Amino acid sequence: MPEILSFLPMSTPEDRLKSFGLSTQIVHDVMTPGIIHARNRTALALGSARGTDIYQDSMEQLALRLAPSGWQLVYVGRQPRILHPDGLLSVTVASATGLSRADPQRQPRTHPKGPSTRSSLDDAPRLDMLFDTWGTMDKTILEMAELAPLWFLLHERTPRGLYLELSRPSEMNQSDVITDWSDYIQIPFLDVTGDMSVFGDDGDDDFDVPVRPR
């Protein structure tokens, strides 16, 4: 299992992000297209459309942005995660409430998650994976993905933009909602109330997504 990083008391959130090969700029860059897409939805869009926009766009953008540094898109029990090249952590995007941390007694809460998240909670026992389910992927990568600490890139949508944080889940309730976190790195608010025309629709709805051959 990868060695857990320790941080000095004076480490800043940006220092901690940098130790993982991340930064506020990277997070803002990958989350912006999704929130702009969501904000451009009409009143006739389905209720789940905006959340789906942010999740789908942000996972794709995160994978594209980090791939040149050796990060890989992997699946653990069918849950997509972006795996650090040295296995320091894996990241997946999720929505949550309570990210403003205005009330210290209130922990962020997610929508229900599946067994892959439960098996990857901080200090949870690791379950054996059915490698033949994902036989096209190298097993050593799967093993690394299983052992890498799972962190969520959490977002909470507001009329102005997104609250953001990178958080390590530690507890789930019987309804499969994450209710506690062993660690978190707060990320500055992403404000999209300004001119975001650079992220406008260019008329091309196709995505070039690398797919492993079966």
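**Buried charges and the core**

Modeller: Let's start with R16, which counts as buried at 12% relative accessibility; buried means under 20% relative accessible area, exposed over 50%, and partly exposed in between, with a 1.4 Å probe and protein chains only. Keep in mind that this is a predicted model, where local features need pLDDT of at least 70, side-chain atom pairs count only at pLDDT 80 or more, and totals for chains, interfaces and linings use all residues. Residues are numbered from 1 along each chain as its sequence is written, and side-chain values use heavy atoms, with hydrogens and water left out.

Biologist: OK, which side chain does R16 meet in a salt bridge?

Modeller: D183, at 2.5 Å from N to O. A salt bridge here is a side-chain nitrogen of Lys or Arg within 4 Å of a carboxyl oxygen of Asp or Glu.

Biologist: And where do D183 and R16 lie?

Modeller: D183 is in strand β7 and R16 in helix α1 (residues 13-19), so the pair ties together parts 167 residues apart in sequence. Helices (H or I, at least four residues) and strands (E, at least two) are DSSP runs, numbered from the N terminus.

Biologist: How many salt bridges does the structure hold?

Modeller: Seven. Another one joins R41 and D53, with the closest N and O atoms 2.8 Å apart. R41 sits in the loop between α2 and α3, and D53 in helix α3.

Biologist: Is D53 buried or exposed?

Modeller: D53 counts as buried, at 5% relative accessibility, while R41 is partly exposed at 33%.

Biologist: Switching topic: which residues touch the most other members of the largest nonpolar core?

Modeller: M31, L153 and L166, out of 29 residues. Such a core is a set of buried Ala, Val, Leu, Ile, Met, Phe, Trp, Tyr and Cys residues joined through side-chain atoms within 4.5 Å.

Biologist: Which element gives the most to this core?

Modeller: α2, with seven residues.

Biologist: What is L166 in contact with?

Modeller: Leaving aside neighbours within four places in sequence, its contacts (heavy atoms within 4.5 Å) include L17, F20, W151, L153, D183 and I187.

Biologist: Back to α3. What do its buried residues pack against?

Modeller: α2, β1 (72-76), β2 (79-83), β3, β5 and β6. Those buried residues include A49, D53, M59 and L66.

Biologist: Last one: how many helices and strands does the protein have?

Modeller: Five helices and seven strands.
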